[in-house]
Amino acid sequence: EEHELLRASVRSMLQKYEPRRAEYRQMMKEQVFPQELWEDIAGIGLLGCLIPEAYGGNAMGLQPLTVGFEELTSRGFLPGLMLVTAMDSACISKNGSEELKRRFLPKVADGSCKLCFAVTEPNAGTNTFKIETMATREGDVYRINGQKTFITGVEHADYMLLVARTTSAEELARDGRSKSEGISIFLVDTKSSGLTKTRVSTPSNEGQSQWQLFFDNVEVPADQMVGQEGQAVQAMFNSLNCERVLAAAICNGMTHQCLEKSVAY
């Protein structure tokens, strides 16, 4: 019953967009972010599903959010940046400090803070244990050097959840330590000095582009680390496991729309 109410809420929210499908498609082609739709999605609570009530969310959980994603995509509206924002919120909620949760989660829930996720690298793909981007601590900041690629939506996001090494793979091998150690996660301002963004030549995806990112001594306050230094693998999977479920929901919704259109034809 709860899921059906959620589906009905999504359908009701999308009613004003149904006559504007051509406008929406043109926005996607021109890579114009659908800010109005984003605000309406936040307004019905979808961005707060993975956020506790104490931090402005509704704590409905992953299954209702999955239902919401399926309903959105079955109607032809693809929640690309919503996916990475939601998965990041799960990581912050489960692993962030109290200060980080109070600072970021209410803004994510009400739609005023957009997030992206940066793990993929040219020499590692998504094999996180082979990433080379390094974060080195200097006093109260970390200096980040390296690069990421195929990062979705960074042009619209306010912050990225960045996966980087705080101990190099070479040092781990030398000390006989596990390759899963030495990985940390940071919340990085997408407008940071020393961060360069280069658009990757791929087709537009839901009004967003793919980007290659270059970090040249990008400073991140130490208190913007999510979880413990060098022990962030589980924290990372708190994001990635949500991503996999929500990506499947998007595919289910798209398939449902394709079947509806095919049957109607």
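Modeller: Take helix α3, residues 35-43, in which Leu37, Trp38, Ile41 and Ala42 are buried. The model is a predicted one. Seen down the axis of α3, the buried residues fall within an arc of 140°, so they line one face of the helix. The buried residues of α3 pack against α1 (2-14), α2 (21-29), α4 (62-74), α5 (80-95) and α6 (98-109). After α3 comes Gly45, with a positive phi near 95°.

Among those partners, α4 and α5 also meet each other: Leu65, Phe69 and Leu72 in α4 are in contact with Met82, Leu83 and Ala86 in α5. The residues of this contact are 6 nonpolar, with no polar and no charged ones. The axes of α4 and α5 come within 12 Å and cross at roughly 175°. Angles over 145 degrees count as roughly antiparallel, and therefore α4 is roughly antiparallel to α5.

Next, the axes of α5 and α6 come within 10 Å and cross at roughly 155°. These two helices, α5 and α6, are therefore roughly antiparallel as well, and their crossing is left-handed. On the α5 side the contact involves Thr85, Ser89, Ile92 and Ser93, and on the α6 side Leu100, Lys101, Leu105 and Val108. The residues of the contact of α5 with α6 divide into 4 nonpolar, 3 polar and 1 charged.

Terms used. Residues are numbered from 1 along each chain as its sequence is written. This is a predicted model: local features need pLDDT of at least 70, side-chain atom pairs count only at pLDDT 80 or more; totals for chains, interfaces and linings use all residues. Side-chain values use heavy atoms; hydrogens and water are left out. Buried means under 20% relative accessible area, exposed over 50%, partly exposed in between (1.4 Å probe, protein chains only). Helices (H or I, at least four residues) and strands (E, at least two) are DSSP runs, numbered from the N terminus. The arc is that of the directions from the helix axis to the C-beta atoms. Contact means heavy atoms within 4.5 Å. Axes are lines fitted to C-alpha atoms, for helices over the stretch in contact, and angles run from 0 to 180 degrees between N-to-C directions. Angles under 35 degrees count as roughly parallel, over 145 as roughly antiparallel, 65 to 115 as roughly perpendicular and the rest as oblique. Ala, Val, Leu, Ile, Met, Phe, Trp, Tyr, Cys and Pro count as nonpolar, Asp, Glu, Lys and Arg as charged, and the others, Gly among them, as polar. A crossing is left-handed if the near helix is turned anticlockwise from the far one by less than a right angle, and right-handed if clockwise.
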